[in-house]
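I set out to look up a few local features of one structure and to record them here in order.

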Amino acid sequence: MVPMIFETRCAGCDAPGTAICTTCRFALVGRAPQDQAHGVIAALPFTGRVRQVVLGLKYRNRRAVGRHLAGLIVNRLVALHAYQDVDVVTWAPTSARRRRERGFDQGELLARTVARQLGLPCRRLLDRQGEGTQTGKGRSERLQGPVFVARPDVAGQRVLVIDDVVTTGSTLLSAAGALEERGAFPRLAALASTPDRALATVLPMRPRAASVAA
Ligand SMILES: [Zn+2]
């Protein structure tokens, strides 16, 4: 029987031994991306080594990597004082098809781990509009990103929404819009953001609670 440890390889560089090696851990420290137009708090730029590690999480089903990456989101939120006023953590659910392919929802994995590390509750508060129906994912979703519907009991809640990678910001901004429609106050955070891709998007829906926290 081969011990499990020999089957573990680094998500960033494929070196055997651990789910994320020391070299890759160091490469992920202190590399917060610049603020972008979508206003999403991101822990890492989605480039180089970071990209490899994040893809390792997305495509290689690495929960140990997820724990490490969630810790980096937490560090960023703590550095920005962006968590003390949060009531509940949630995530922007991936499509049912993608969830089936990967065996888990990486946004949910990150959100639950972030919430546990911050000592906050984590609840599923968002659903994809049309999911489970024949006509759910049509042309408009492919063009504009998903449309979310928030659970009705979120009014007045300050909600931290977590996603894995933010590109244009359309997914998280759609999630924020759904929460605001129900009277909640969203704040948006992602593990990584693609550089310079979001500058042409709509203005951010800044969480109203942020001014209270400052
Ligand atoms: Zn490595």
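Is helix H5 largely enclosed by the rest of the structure or largely exposed, and why? I note at the start that the model is predicted.

**Entry 1: helix H5.** I found that 10 of the 13 residues of H5 are buried, so this helix is largely enclosed by the rest of the structure. The buried residues include Gln106, Glu108 and Arg112, as well as Leu109, Leu110 and Val114. I then checked the length of H5, which covers residues 106-118.

**Entry 2: Leu110 and the core.** I looked up the largest nonpolar core, which has 56 residues. Leu110 is among the members that touch the most other members, together with Ile73, Val161, Ile162, Leu172, Leu191 and Ala192. Setting aside residues up to four places away in sequence, I listed what Leu110 touches: Gly66, Leu69, Ala70, Ile73, Trp91, Ile162, Asp164 and Leu191. In soluble globular proteins, nonpolar side chains tend to be buried together.

**Entry 3: Arg76.** I located Arg76 in helix H3, residues 63-79. Is Arg76 buried or exposed? Arg76 is buried, because 20 other C-beta atoms lie within 10 Å, and 20 or more is the cut-off for that term. Beyond its neighbours within four places in sequence, Arg76 is in contact with Ala32, Ile41 and Ala43. I noted that Arg76 and Ala32 are 44 residues apart in sequence, with their C-alpha atoms 7.8 Å apart in space.

Conventions: Residues are numbered from 1 along each chain as its sequence is written. This is a predicted model: local features need pLDDT of at least 70, side-chain atom pairs count only at pLDDT 80 or more; totals for chains, interfaces and linings use all residues. A nonpolar core is a set of buried Ala, Val, Leu, Ile, Met, Phe, Trp, Tyr and Cys residues joined through C-beta atoms within 7 Å. A residue is buried if 20 or more other C-beta atoms lie within 10 Å of its own, exposed if 12 or fewer, and partly exposed in between; C-beta atoms are placed from the backbone. Two residues are in contact if their C-beta atoms, placed from the backbone, lie within 7 Å. Helices (H or I, at least four residues) and strands (E, at least two) are DSSP runs, numbered from the N terminus. The expected span of a helix is 1.5 Å times one less than its number of residues.
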